[in-house]
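Please open the model in your viewer and keep the selection panel at hand.

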Amino acid sequence: MASWQENDRALAGLVNLVVVLADNEYFLGRRISEWAVGAPGLEEAVASSALAQEELGHARVLYPLLEELPFPGSPAPLEREGDRRRRYNLSFLDRPWGTWPEAVAAAFLADAALTTMLEHLTLSAWEPLARRSARILQEERFHLEFLEGRVRDLASDLGLAGELERELGRFLPEVLMWFGPEGEEGVVEMTREGLLQGDNEAWRQAFLQRVMPLLWEVGLHPLREISWDVARKRYEYGALPWKEWNRLQRRLEALARTG
């Protein structure tokens with residue numbers, strides 16, 4: 001048995017991390033699949049179908065990891081949306097997206113967040129997780145290229161740019177919180193055991209570095225609180241509503257209630 005498996009806090013954190021990644025991949029795939037027919041163009045429809053299959057495939061790759069961890073009572077893998085009452089996904093993946101700008105905003109931010117997290121797992125001391133993260137990232141890079149292209153398309157459309165910006169602003173706070181508050185106990189223990197790299201704030205900054213240059217380049221400012229601090233060489237993003245955030249399920253309950 002690896003030494004980290006005797007660290008209860010690290011082990012519990014790892015179980016939570018795996019189910020959070022898998023549930024988000026699962027629900028992201030389900031939501032994107034609903035645009036395989038309804039996307040505005042043939043290219044977007046075909047790409048949505050391909051992305052959905054791959055996201056669902058990522059969930060199928062991640063869920064079996066739970067069986068390899070010596071932890072009782074792990075959440076059951078999902079095969080259908082109603083299989084488990086407690087969900088560990090971003091709340092804006094709960095329901096179908098009503099418009100194409102909403103779909104692009106949600107998929108772009110969720111995919112960027114998942115990619116950021118997976119990049120910090122490729123050197124994990126737990127080899128099965130490291131290996132599968134690297135494999136998933138090979139496909140996620142193509143997903144992001146497609147979604148970044150759709151952001152550019154919508155941002156150049158004067159009739160839809162405003163709606164895209166509003167949807168991005170609606171989802172961004174929850175995605176920023178998805179990386180957790182600084183100094184999270186389980187994260188500290190997992191980092192100490194070499195199960196992941198970085199920490200809560202490093203992940204959040206890496207995510208912002210991935211999405212904000214593109215959004216500002218195309219003239220989108222979804223959250224006025226986000227700025228680049230030249231002196232500190234980091235993004236500032238203002239106060240986040242942590243009281244509304246569910247730390248176990250890593251989701252914003254207020255957004256889930258309002259839809």
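Select Leu144, which is located in helix α5; helices here are DSSP runs of H or I with at least four residues, numbered from the N terminus. This is a predicted model, in which local features need pLDDT of at least 70 and side-chain atom pairs count only at pLDDT 80 or more, while totals for chains, interfaces and linings use all residues. Residues are numbered from 1 along each chain as its sequence is written, and side-chain values use heavy atoms, with hydrogens and water left out.

Is Leu144 buried or exposed? Leu144 has a relative accessible area of 6% and is therefore buried (buried means under 20% relative accessible area, exposed over 50%, and partly exposed in between, with a 1.4 Å probe and protein chains only). Now display Ala112 as well: its C-alpha atom is separated by 6.8 Å from that of Leu144, although the two residues are 32 apart along the chain. With neighbours within four places in sequence left aside, Leu144 is in contact with Phe108, Asp111, Ala112, Thr115 and Arg210; contact means heavy atoms within 4.5 Å.

Next, select Leu214 in helix α8. Leu214 is buried, at a relative accessible area of 8%. Leaving aside neighbours within four places in sequence, the contacts of Leu214 are Phe108, Glu148, Val151 and Arg152. For Glu148, 66 residues away along the chain, the C-alpha atoms of the pair are separated by 7.9 Å.

Phe108 belongs to the part of α4 that meets α6, so the following selection is this pair of helices. Helix α4 covers residues 100-119 and helix α6 residues 161-178; their axes are 8 Å apart and the angle is about 30°. Axes are lines fitted to C-alpha atoms, for helices over the stretch in contact, and angles run from 0 to 180 degrees between N-to-C directions. This makes α4 roughly parallel to α6, since angles under 35 degrees count as roughly parallel, over 145 as roughly antiparallel, 65 to 115 as roughly perpendicular and the rest as oblique. Among the residues of α4 that meet α6 are Ala105, Leu109 and Met117, and the α6 side includes Leu168, Phe171 and Trp178. This contact comprises 15 nonpolar, no polar and four charged residues (Ala, Val, Leu, Ile, Met, Phe, Trp, Tyr, Cys and Pro count as nonpolar, Asp, Glu, Lys and Arg as charged, and the others, Gly among them, as polar).

Proceed to α1 and α3. Their axes come within 8 Å and cross at roughly 160°, and the two helices are therefore roughly antiparallel to each other. Val18, Leu21 and Tyr26 are among the α1 residues that meet α3, where Ser48, Leu51 and Leu62 are among the partners.

Within α3, select Ser48. Ser48 counts as buried, at 3% relative accessibility. Beyond its neighbours within four places in sequence, Ser48 is in contact with Ile32, Trp35, Ala36, Ala39 and Trp100.

Finally, which residues have the most contacts inside the largest nonpolar core? They are Leu14, Leu21, Trp97, Phe108, Trp126, Trp178 and Phe207, in a core of 87 residues; such a core is a set of buried Ala, Val, Leu, Ile, Met, Phe, Trp, Tyr and Cys residues joined through side-chain atoms within 4.5 Å.
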